[in-house]
Amino acid sequence: MTHPKRTGARLELKDVTKTYTGHGEDKHVLDRINCIVEPGEFLSIVGPSGVGKTTLLRLLTGLTPVTSGEILLDGKRVTSPPEDLAIVLQEYTRSLMPWLTVEKNIELPLKLKKIAKEERRERVQSAILEVGLEGNDSRYPWQLSGGMQQRVAIARALASRPRILVMDEPFASVDAQTRLDLEDLVLKVRDDFGITTLLVTHDMDEAVYLADRVLVLTGKPAHVAAEIAVPLGYPRDQVDTRAHPDFGHLRGEIYQLIRGKR
Amino acid sequence: MFSLLRRFLISSWLVAALLLFWWKISANSESYFWPPLGQIATQFKTNWLFANVAEDVVPSLKNLAIGYFIGAPCALVVGAHLGLSEIAQRIFSPLVNFFRSIPGVALVPIFIMLFGIGDESRRVSIAVAVFFPTLIATIEAVRTSDAVLLDVSRSFKFSSFQSLWRVRVPSGAPMISSGLQVSLQVGFIVMIVSEMLGAFRGLGAFTVEAQQSFMIIDMWTGIIMLGILGYIFNVIFELIEKRALRWYRGQKGLTT
Ligand SMILES: Nc1ncnc2c1ncn2[C@@H]1O[C@H](COP(=O)(O)OP(=O)(O)OP(=O)(O)O)[C@@H](O)[C@H]1O
Ligand SMILES: [Mg+2]
């Protein structure tokens, strides 16, 4: 099977600041976040729980408005969810339509975009193959394991042919083995399509294993503590890459940043 | 096959026992108002299998069907849109609450006044009475849609119309369905009462007429017929619901 190689989108955050207002006192969560993600790059975002990772993700996907600063996707300001962007959320049990089969779930966004039937079918089938769900087309999400449900969510995201894929702790609540499989799936997807990929995680190993670069957020309000390049080669391998001495160093560096020690 | 039989036995033995009890205890009844069940059964056969069905049952059911299939879909559409808008809800909720606290049957005299004692007034009464339970359920169902699904809709750029009918309404279908069921029951009651108030035909009319002319056995057959019909409607509704909401039962891990 051949995949048309697409070019990823370029994402730029300029002094992105978020203060939640209402519900009593204001909450200043993000403070002047700056970052550039190049086309096709894989960026992990890590930080302690509650630091504002989900908030940052919601801002750059246009689901929540910024308080100040701006987010540019290929130079265009993001104010609502952009066309070229797809999201995979942490809550896989809640993010699929339980009344639709796997196939219909993946197809729905295409259908509502009025994409022709043949093309829809082709895209759905190739997405199902890509994530390794063949044979499950007509099952319902609740008949699938957590890992499989998350694969459906990824397939749904891929079927819309995004140029940037954004994931919020997508593997946080699946078992260890499934998690490794899904990590490799995400790497493969990035390779196959060349899409820019952002992944939020609180797992430092996962952040390093997957990324070209790791963005570390700390503090209240959160700021960028460091941007750490990951010079590990490709393809990554769950055993070899993790055993590499650099892997341990990077991991330790991030760990200390998050713990606030050096 | 065996389990089907068992299910049937479990769900029907109490009814059978009660009927048997009624049969026994009324067998030698001399009371004018409590005739032997045996006599009622014989008369039931004469009245309803299937002599007067076309004349007295079919028109009633037609009114119910027309009223229901106008009232309920309207409630679905209006409720879905009210559920979307907090402002619309605040404006309309006093009105809705006022009208829904009026029992459906109390509307019948108004519509008789407005539309006469023909079928129109009965159909309108049914449609209006059916409207409110579905309306309330739909508003609530649409209002309480899962935030994650709505984020997904937004991220895929569904229009608000699309996310209403493709996400909010289907995900609220279980709640909407209970509203539809209550509507059906209310519609059935209004169908009967509307015929009791000045109709010439229909099951309700038949039953009061029998009572007023002291044909007590006929009255009993009418009441039993109403019971059977109401029961059948509920069974049919639940069968359809079970099919349509298979996903919901599956998701909840329900097996029956
Ligand atoms: N809608 C909101 N209104 C007000 N405060 C909010 C809102 N959403 C998040 N917050 C607050 O913003 C802060 C950051 O939350 P966020 O969910 O972004 O953290 P996180 O890094 O994703 O945490 P976790 O690792 O636990 O998922 C928290 O203190 C949270 O209470
Ligand atoms: Mg989070």
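B:Ile236 is placed in helix H11 of chain B, residues 216–244; helices here are DSSP runs of H or I with at least four residues and strands are runs of E with at least two, numbered from the N terminus. At 42% relative accessibility, B:Ile236 counts as partly exposed, where buried means under 20% relative accessible area, exposed means over 50%, and partly exposed lies in between, with a 1.4 Å probe and protein chains only. The model is a predicted one, in which local features need pLDDT of at least 70 and side-chain atom pairs count only at pLDDT 80 or more, while totals for chains, interfaces and linings use all residues. Residues are numbered from 1 along each chain as its sequence is written, chains are lettered from A and ligands numbered from 1 in the order in which they are written, and side-chain values use heavy atoms, with hydrogens and water left out.

B:Ile236 also belongs to a nonpolar surface patch of about 660 Å², together with B:Ile228, B:Tyr231, B:Ile232, B:Val235, B:Leu239 and B:Ile240. A patch is made of residues with over 30% relative accessible area and no salt bridge; like charges are joined within 9 Å, and nonpolar side chains (Val, Leu, Ile, Met, Phe, Trp, Tyr) within 5 Å. The areas come from the Shrake-Rupley method with a 1.4 Å probe, and for residues only the protein chains shown count as cover.

What is the secondary structure of chain B as a whole? Chain B comes to twelve helices and zero strands. The C-alpha trace of chain B spans about 75 × 55 × 30 Å along its principal axes. Of the 256 residues in chain B, 41% are buried.

The term requires a side-chain nitrogen of Lys or Arg within 4 Å of a carboxyl oxygen of Asp or Glu. B:Glu140 and B:Arg143 are three residues apart in helix H6 of chain B, residues 119–143, and therefore separated by about one helical turn. B:Glu140 is partly exposed at 31% relative accessibility, and B:Arg143 is partly exposed at 43%.

Over all chains, the structure holds 28 salt bridges. I turn now to two of them in chain A. The side chains of A:Arg179 and A:Asp203 meet at 3.4 Å, N to O. Because A:Arg179 lies in helix H6 of chain A and A:Asp203 in the loop between E8 and helix H7 (204–210) of chain A, the pair ties together parts that are 24 residues apart in sequence. A:Arg179 is buried, with a relative accessible area of 15%, whereas A:Asp203 is partly exposed at 22%. The second pair is A:Asp212 with A:Arg190, at 2.9 Å from N to O. A:Asp212 sits in the loop between H7 and E9 of chain A and A:Arg190 in helix H6 of chain A, 22 residues apart. A:Arg190 is buried, with a relative accessible area of 7%.

Helix H6 of chain A, residues 176–193, also holds A:Asp184. A:Asp184 is partly exposed at 31% relative accessibility. A:Asp184 gathers with A:Asp175, A:Asp181, A:Asp237 and A:Asp240 in a patch of negative charge on the surface. Lys and Arg count as positive and Asp and Glu as negative, with His and the chain ends not counted; the place of a charge is NZ of Lys, CZ of Arg, CG of Asp or CD of Glu.

Next, the strands of chain A. Why is strand E3 of chain A, residues 42–46, largely enclosed by the rest of the structure? Five of its five residues are buried. A:Phe42, A:Ser44 and A:Val46 cover one side, and A:Leu43 and A:Ile45 the other. E3(A) runs parallel to strand E8 of chain A, residues 196–200, and is joined to E8(A) by four bridges; two strands pair if DSSP finds at least two bridges between them. A:Thr197 in E8(A) is the bridge partner of A:Phe42. E3(A) also pairs in the parallel sense, over four bridges, with strand E9 of chain A, residues 213–218, where A:Val216 is the bridge partner of A:Val46.

Finally, chain A has an open sheet of four strands in the order E2-E1-E4-E5, with antiparallel pairing. Strands E2 (27–37) and E5 (76–77) of chain A stand at the edges, each with a single partner strand, so one side of each is left without a neighbour in the sheet. Within this sheet, five bridges join strand E1 (residues 11–20) to strand E4 (residues 68–73) of chain A, and A:Leu11 stands opposite A:Leu73 in E4(A).
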